[in-house]
Amino acid sequence: MVKKGLLLGCFILAAVSLSAQRTATIPYNEPYRPQAHFSPKEKWMNDPNGMVYYKGTYHLFFQHYPAATVWGPMHWGHAVSKDLVHWKQLPIALYPDKLGYIFSGSVVVDERNTSGFGTKDKPAMIAIFTHHDPKGEKAGSAKFQNQSIAYSLDEGLTWTKYKGNPVLKNPGIKDFRDPKVFWYSPGSKWIMSLATKDRITFYSSPDLKTWKKESEFGQVLGAHGGVWECPDLFPLKINGKEYWVLLVSINPGGPNKGSATQYFVGHFDGGKFTPIGSQTKWIDFGPDNYAGVTFGNTGNRKVFMGWMSNWLYANQVPTLKWRNAMTIPRELSLKLTAGDIWLTSYPVEELEKIVAKTIKVDAGLLAKDNNVFSVIKQTPAQYLLKFNTLAIKDYAVILSNTAGERLIVGFDAKNSRYYIDRTKAGLSTFSKQFAGKSYAPRLSLSPTSNFELLVDASSVELFADGGLSSMTGVYFPKKPYTRLSIVNNGMEIEKLQIQPLKSIW
Ligand code: FRU
């Protein structure tokens with residue numbers, strides 16, 4: 001795609017090295033270790049769980065197997081952050097027990113002490129999670145997944161499982177998991193969204209211990225190429241009007257193979273979710289954003305974080321000490337485009353805290369002639385790349401290294417779609433499903449666009465058109481990518497900037 005003859009403007013940025021900030025004593029510096037994203041210190045991680053904001057701290061629990069770098073008996077790992085950017089990993093929060101492994105779920109703060117586990121002055125944090133009984137599964141029972149609770153009176157450090165577990169018993173549905181709970185004020189009750197095979201079932205409770213079925217949603221709507229998992233239901237406003245958004249992860253059956261997360265916009269009356277429209281919508285079209293949900297207790301702000309992997313190869317990616325990271329936390333908003341309501345995702349503003357500086361690149365170098373191709377020969381270790389395009393034509397941003405590997409993120413004007421091409425991005429023999437190209441439709445109707453890319457040691461996240469089209473992909477080059485090229489085919493680019501990011505570790 002990049003022809004030498006097209007090289008009209010070429011410039012080199014001074015090397016920006018952040019390695020000095022990563023001293024040898026900090027262990028988070030292995031090859032492929034994300035420097036701007038959360039990853040476990042070591043061993044296996046999948047879904048984010050129990051994300052909640054409480055007393056100035058963001059809690060992130062996560063599916064964790066502390067004995068190996070592959071999936072196994074699930075625990076809840078735990079990490080905390082004051083700013084959604086810097087994370088500190090804490091001791092394991094929940095261990096498997098005689099009822100089974102600790103699968104995905106959520107955490108609420110019981111301010112009204114409805115459960116009686118705390119007091120109104122010292123409310124309990126309550127985890128609602130799936131107990132997955134591997135023995136029952138092996139024995140062929142359909143009832144091996146049940147919902148249980150545990151409480152913490154020390155801000156999430158230690159947890160006590162409720163003696164009356166499970167609190168919601170399986171009625172005979174093989175896939176019966178991933179409870180996401182919130183307090184529904186108009187009805188003074190807790191609402192649980194639960195993934196029940198090919199639909200979401202809503203339950204309500206006065207005290208988190210007894211649950212009543214309210215309704216089901218989705219058996220004949222949305223994508224159904226796989227099992228439904230990890231739901232999340234929350235309100236968001238647009239122009240002062242409130243809508244409810246329901247996130248549903250699905251595996252397999254995503255738009256670019258394997259795992260992905262769809263969403264529905266609609267209304268919720270305290271018992272029933274009614275969607276508006278019937279189009280299947282995806283929160284992120286890239287291959288690596290799964291099982292994402294939002295933090296509880298953040299008021300009107302909705303912050304989402306997903307697992308930056310895909311079940312097609314999550315157990316095989318070539319990291320040695322740990323496996324898999326989370327996406328950057330993203331603020332979700334609703335946007336009206338082409339007569340429909342869409343969800344946008346955009347990195348939380350707190351990310352600016354680690355912007356080391358802003359390097360403005362003279363866009364004049366890129367803009368004047370046809371087919372301008374620019375090269376930045378020494379990029380920072382992790383950075384944000386931002387620019388606006390004054391028209392919308394084919395273009396490509398190419399990250400490459402001296403081993404001849406490259407990852408391309410671009411726009412295909414004919415089909416009006418963004419793409420991530422990791423066909424030649426680095427190691428891929430660990431899975432036949434890994435190399436390839438994934439696409440995201442462009443939803444914006446604007447004749448101009450904006451492009452933002454968050455590049456880390458082994459991932460890119462694209463937020464195009466203000467986050468209307470987003471894509472996430474991981475990659476494993478033999479050598480770090482240090483070169484950056486932009487093929488703009490004569491399309492004017494303005495406000496081109498690179499922001500090196502400090503390591504969060
Ligand atoms: C989604 C998922 C959940 C389940 C967990 C098990 O990635 O399959 O449905 O609770 O992972 O680790």
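Predicted model: local features only at pLDDT ≥ 70, side-chain atom pairs only at ≥ 80, totals over all residues.
Residues are numbered from 1 along each chain as its sequence is written, and side-chain values use heavy atoms, with hydrogens and water left out.

So, how many aromatic pairs does the structure hold? There are 38; rings of Phe, Tyr and Trp (its six-membered ring) pair if their centres lie within 6.5 Å, and planes under 30 degrees apart count as stacked, over 60 as edge-to-face and the rest as tilted. Take Trp 307 and Trp 311: their ring centres are 4.8 Å apart with the planes at 55°, so this pair is tilted. Trp 307 is buried at 0% relative accessible area, while Trp 311 is partly exposed at 27%. Here buried means under 20% relative accessible area, exposed over 50%, and partly exposed in between, with a 1.4 Å probe and protein chains only.

Next, Phe 430 and Phe 476 make an edge-to-face pair, 5.9 Å centre to centre and 85° between the planes. Phe 476 is buried too, at 4%.

We also have a cluster: Tyr 28, Phe 38, Phe 62, Trp 87 and Trp 505 form one aromatic group.

Finally, let's look at charges over rings, meaning NZ of Lys or CZ of Arg within 6 Å of the ring centre and within 35 degrees of the ring normal. Arg 33 sits over the face of Trp 322, 4.0 Å from the ring centre.
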